[in-house]
Amino acid sequence: MASKLGDMLVKAQLITEPQLEEALKVQRREGGKLGSIAVRQGFCSDQDIVSFLGMQYGVPAADLDQWPLIESAVIALVPAELANKHKVLPLQRSGNVLTLAMSDPTDIFAMDDVRFHTGYNIDPVVSSEMGLIRGIERYYGGSSGLRLREDMPGAKKGASLPPPEPGNLGAFNQNAFDNAADGALDLKELETELEDSETEYEAFEEEENINAAALARGSEEAPVVRLVNMVLIDAIRKGASDIHVEPYEKSYRIRFRIDGLLTEVMRPNIKLKDPVTSRIKILAKLNIAEKRLPQDGRIKLRVNLGGQQKTIDYRVSILPTLFGEKIVLRLLDSDKLMLDLTKLGFEPESLQQWDRQISKPYGMVLVTGPTGSGKTNTLYSSIAKLNVADVNIMTAEDPVEFNFAGINQVQMKEQIGLNFAAALRSFLRQDPNIILVGEIRDFETAEIAIKASLTGHLVLSTLHTNDAPSTISRLMNMGVEPFLVATSVNIICAQRLIRRICVKCKAPDPHQPPPEALLKVGFTDEEIRKGITVMKGMGCETCNKKGFKGRVGLYEVMEMSETMRDMILTGASAMELREQAVKEGMITLRRSGCRKVLDGVTTIEEVVRETVL
């Protein structure tokens with residue numbers, strides 16, 4: 001794409017051939033987009049690039065330096081993390097349409113990410129990358145960013161986060177990294193120790209003067225090491241899936257995501273922000289002196305919990321925010337990986353359809369849903385079932401979350417050109433039977449995956465869509481021809497994760513909903529006539545008084561019939577496909593949830609929170 005863009009810029013006489021060669025050399029050496037490099041090198045102006053890209057993409061062009069002041073309510077729709085990740089900027093909102101400035105208006109993955117987060121349809125306009133960087137800095141960073149936070153709806157001047165709940169983080173394995181015996185540490189004892197050490201961390205308050213040696217020294221201080229150890233181990237004990245370490249203007253907090261919901265567990269002194277960040281970076285083998293760019297790494301620990309040796313992987317993501325670096329650690333515990341399809345939450349009919357289609361020798365099997373909905377677990381369970389000695393299974397993943405014996409797994413590395421499309425091309429020369437593609441993000445990946453599925457390979461992959469029928473429209477929006485979609489796709493599974501009622505304290509809800517409310521939720525007249533007893537968790541020690549323990553999946557499985565293939569060829573909408581699929585027996589996400597309420601597995605509130613009628 002870079003060389004094609006360069007050729008077009010030369011053809012449009014915006015740059016010369018020698019300038020293109022120079023820009024390509026810089027790109028190969030430093031990375032980045034060719035248009036931005038040409039502007040930085042002084043070969044052309046920002047306005048030239050914006051106007052040119054607008055004509056090429058056929059979308060309006062926006063010069064952000066001349067754009068009127070954007071309303072704070074519009075900026076608040078897209079968080080800083082998302083704007084920085086995709087280099088996008090919200091400009092205005094009209095009804096349910098959000099106008100979004102992008103350097104690449106064909107980046108469907110970025111638009112989907114913003115659409116999922118905001119709930120608005122996206123109307124892209126093209127802008128230069130340099131203009132977007134300046135715009136993001138203007139509205140999300142610096143003094144303007146500070147003013148904006150106070151101007152946002154619901155924000156009070158000088159408001160702070162609510163005080164933390166009192167409690168003890170619990171015992172932790174003090175020598176976890178050395179596999180020694182368990183030792184306990186009281187939270188108050190640790191906090192006293194941290195307060196005594198406050199003066200040692202004064203040097204870390206100045207963000208601009210980065211001293212790598214001082215950061216490293218601070219990260220090795222005993223209180224900091226003990227605090228980080230405590231957090232990492234306690235997250236395992238409490239069954240957390242993610243750890244969020246978040247700096248704010250006048251506070252610093254740590255939250256665990258347990259059963260899908262975030263819970264605050266600790267609020268350390270804000271002066272520990274830099275030492276704690278440096279400690280985690282050192283464990284993840286990241287650059288402790290780099291505070292301006294996002295970084296990704298991995299921590300692998302062998303811990304001794306209750307006399308049992310465990311190996312835990314933490315996937316580390318570090319993102320620069322307004323008041324410091326936010327850290328999210330995703331816990332990858334192979335012991336918790338459920339590889340039995342019968343225990344994930346599939347209805348018997350849906351599971352029968354799924355088993356039938358993944359057992360076919362060729363075709364495409366797709367799993368859809370938002371981030372954190374269990375798509376990877378479903379795919380891993382499927383290939384684990386197919387993993388036999390006479391089958392060659394190859395996977396392209398970003399990242400590889402769990403290792404499987406007998407399966408060839410490839411980690412994507414965008415910085416060296418190893419993306420999903422490149423891996424897929426190579427796979428086809430490796431004599432595969434089954435291919436797993438971590439995610440279909442663009443036309444190129446979709447095209448190669450579909451061609452592979454039509455030439456004797458079973459291809460499993462994921463997409464970001466709201467339900468199963470809309471996956472067909474998504475593929476065609478990417479540019480895939482309807483006849484290719486109709487002939488290649490075997491089955492589509494949309495899924496969500498909801499909380500299970502704790503089995504230890506499960507009891508009938510004392511406030512049973514009336515029949516008219518049940519009808520609105522999606523229960524049938526027949527189910528209501530027979531009588532529905534809604535269950536609820538009363539709260540006990542096992543579930544930490546929450547009433548919920550663990551999660552279960554909701555599944556919408558759409559198996560492709562000949563009628564549906566014909567409908568795709570004639571241009572049927574997602575709504576028409578949904579109606580036909582329901583006629584043929586498809587269980588929707590809402591109906592899957594209702595059946596789990598009938599079985600006493602979850603509550604109506606959980607189902608309504610994650611699904612629509």
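This is a predicted model: local features need pLDDT of at least 70, side-chain atom pairs count only at pLDDT 80 or more; totals for chains, interfaces and linings use all residues.
Q: What percentage of the residues of the chain count as buried?
A: The accessible surface of the chain, from the Shrake-Rupley method with a 1.4 Å probe and only the protein chains shown as cover for residues, comes to about 29,400 Å². Carbon and sulfur atoms account for 50% of that surface. Of the 613 residues, the share that counts as buried is 50%.

Q: Among contacts between residues at least 6 apart in sequence, what percentage join residues at least 24 apart?
A: The chain contains 25 helices and 18 strands, taken as DSSP runs numbered from the N terminus (helices H or I, at least four residues; strands E, at least two). A contact means heavy atoms within 4.5 Å. Within the group of contacts at least 6 residues apart, the share joining residues at least 24 apart is 65%.

Q: Which strands stand at the edges of the sheet of 7 strands?
A: This open sheet has mixed pairing and the order β12-β11-β13-β14-β10-β15-β18, where two strands pair if DSSP finds at least two bridges between them. Neighbouring strands are turned by 20° against each other on average, direction ignored. Two of the strands have a single partner strand each, so one side of each is left without a neighbour in the sheet. These edge strands are β12 (408–411) and β18 (548–559).

Q: What angle does the direction of helix α16 make with that of β11?
A: Helix α16 (residues 420–427) packs on the sheet and touches β11 (393–397), β12 and β13 (434–437). Axes are lines fitted to C-alpha atoms, for helices over the stretch in contact, with angles from 0 to 180 degrees between N-to-C directions. The angle is about 165°.

Q: In β15, which residue is the bridge partner of V367?
A: Strand β10 is joined to β14 (residues 458–463) by 6 bridges in parallel, and V365 has L460 as its partner there. β10 also pairs with β15 in the parallel sense, over 5 bridges. In β15, the partner of V367 is C493.

Q: In β18, which residue is the bridge partner of L497?
A: β15 (residues 489–501) and β18 run antiparallel and are joined by 10 bridges. The partner of L497 in β18 is G553.

Q: Why does the pair of F346 and Y555 count as stacked?
A: The whole structure has 4 aromatic pairs, where rings of Phe, Tyr and Trp (its six-membered ring) pair if their centres lie within 6.5 Å, and planes under 30 degrees apart count as stacked, over 60 as edge-to-face and the rest as tilted. F346 and Y555 are both buried, and ring pairs link these two and W354 into a cluster. The centres of F346 and Y555 are 3.9 Å apart, and the pair is stacked because the planes are at 15°.

Q: How many residues apart in sequence are the parts that F346 and Y555 tie together?
A: F346 lies in the loop between β9 (324–332) and α14 (348–358), whereas Y555 is in strand β18. The pair therefore ties together parts whose separation in sequence is 209 residues.

Q: At what distance from the ring centre of F548 does R499 lie?
A: A charge sits over a ring if NZ of Lys or CZ of Arg is within 6 Å of the ring centre and within 35 degrees of the ring normal. R499 lies over the face of F548, and its distance from the ring centre is 4.0 Å.

Q: Through how many residues does a hairpin join β8 to β9?
A: β9 has 7 of its 9 residues buried, so it is largely enclosed by the rest of the structure. It runs antiparallel to β4 (residues 242–247), with 4 bridges, and H244 has V328 as its partner in β9. β8 (residues 308–321) and β9 are also antiparallel, with 9 bridges. The hairpin joins β8 to β9 through 2 residues.

Methods. Residues are numbered from 1 along each chain as its sequence is written. Side-chain values use heavy atoms; hydrogens and water are left out. Buried means under 20% relative accessible area, exposed over 50%, partly exposed in between (1.4 Å probe, protein chains only).
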